[in-house]
Amino acid sequence: MQIKSRKMPAEMQILESLNGRVQLSPEIGRQLRNMREGGAGERLLDQALESVSDCVIQISDFTLARNQLCQIDTVLVSANGIYLLDAKNWSGRHTVGDKGFERLTNDPLDQLKRAEKLFGRMLEYERIPLQVSSRLVFVNPEMTLYGVQPEMPIVLPQQIPEFVSEIRQQVGVLTEWEMRVARRILAKHTDENPYRLKVDYMWDSIGKGMLCASCRKLLVEKSHKYVWCPVCQAVEAKGAALLRTKAEMDVLFPGCKPEVDRLYRFCGGMVSKRGIFKATRN
């Protein structure tokens, strides 16, 4: 059971909306790719946990701020304990030893230990009598990890089914008590993040027009009702492209009234003002 579902981070929404409208720096582009890979890994973990959704309460994208900030991909609450899971969608070859992962500045094992410590302190303060167990869950089958020891809090891709099965065996039937505990934990979540990636942009500095959802190239009119991408050949209903473009404008410029004239300019004049009014009046 999920009481906080996963959604795209606000900074990722902004970067995806800017993509194709501004020239992203190589560093920002790299971070966007990392966000996409991370999000894909989190969704794979969610799929693996579907078989225990009836016996645990899931809190996704949990951020705890207690003097220090820690972010946890997945919190699972049960009567027998709490799991903190950090999904990793790594590929390629990696090595871990007694001192952590080689050639990494920010060791995910250190981050996991820190998150577990801060989370445990929060439980003590709230007088919630549950033990905390944390794991790094590697979801990409194309990843090879050398040096893993049995005592390390690491779940490899081929171990995920067994790990999920162990969760089911160890947890009990959900009761109202676990739901109250999960709600108390969720109340400690914060949306504030001082380390959130920020990109400067203005109305006049971004490209206008309706962009292809796949390759982010400028769409052109195919007919009265359809637009198409001359690069990837994708065809889309003009009304759907308009609403998608409006959503991008709302992300980039929140709080601004979606006036017809403003959206007309943001779409690059590809849809008439009358068409915009009819499509957005509801």
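In the predicted model, Leu-242, Leu-243 and Lys-246 of α6 meet Gly-275, Ile-276, Ala-279 and Thr-280 of α8, contact being defined as heavy atoms within 4.5 Å. By class, the residues of this contact comprise four nonpolar, two polar and one charged; Ala, Val, Leu, Ile, Met, Phe, Trp, Tyr, Cys and Pro count as nonpolar, Asp, Glu, Lys and Arg as charged, and the others, Gly among them, as polar. Helices (H or I, at least four residues) and strands (E, at least two) are DSSP runs numbered from the N terminus. The α6 and α8 axes lie 11 Å apart and the helices pack at an angle of about 80°, which makes α6 roughly perpendicular to α8. Axes are lines fitted to C-alpha atoms, for helices over the stretch in contact, and angles run from 0 to 180 degrees between N-to-C directions; those under 35 degrees count as roughly parallel, over 145 as roughly antiparallel, 65 to 115 as roughly perpendicular and the rest as oblique.

Residues are numbered from 1 along each chain as its sequence is written, and side-chain values use heavy atoms, with hydrogens and water left out. Because the model is predicted, local features need pLDDT of at least 70 and side-chain atom pairs count only at pLDDT 80 or more, whereas totals for chains, interfaces and linings use all residues.

Both α6 (238–252) and α8 (273–280) supply at least two residues each to the lining of the second largest pocket. A pocket is an open set of points on a 1 Å grid over the protein atoms alone, where a 1.4 Å probe fits, with protein on both sides within 12 Å along at least five of seven lines; lining residues have an atom within 4 Å of a point. The space in this second largest pocket is about 280 Å³, a volume being the space filled by probe spheres set on the points, which are joined across faces, edges and corners. Helix α8 gives the largest share of the lining, four residues. Among the lining residues are His-224, Lys-225, Lys-238, Leu-242, Arg-274 and Lys-278. The lining as a whole has three nonpolar, four polar and four charged residues.

Strand β7 (residues 132–138) pairs with β9 in the parallel sense over two bridges, and Leu-136 has Ile-154 as its bridge partner in β9. Strands β5 and β6 pair in the antiparallel sense over two bridges, with Gly-97 opposite Gly-100.

Notes
Two strands pair if DSSP finds at least two bridges between them.
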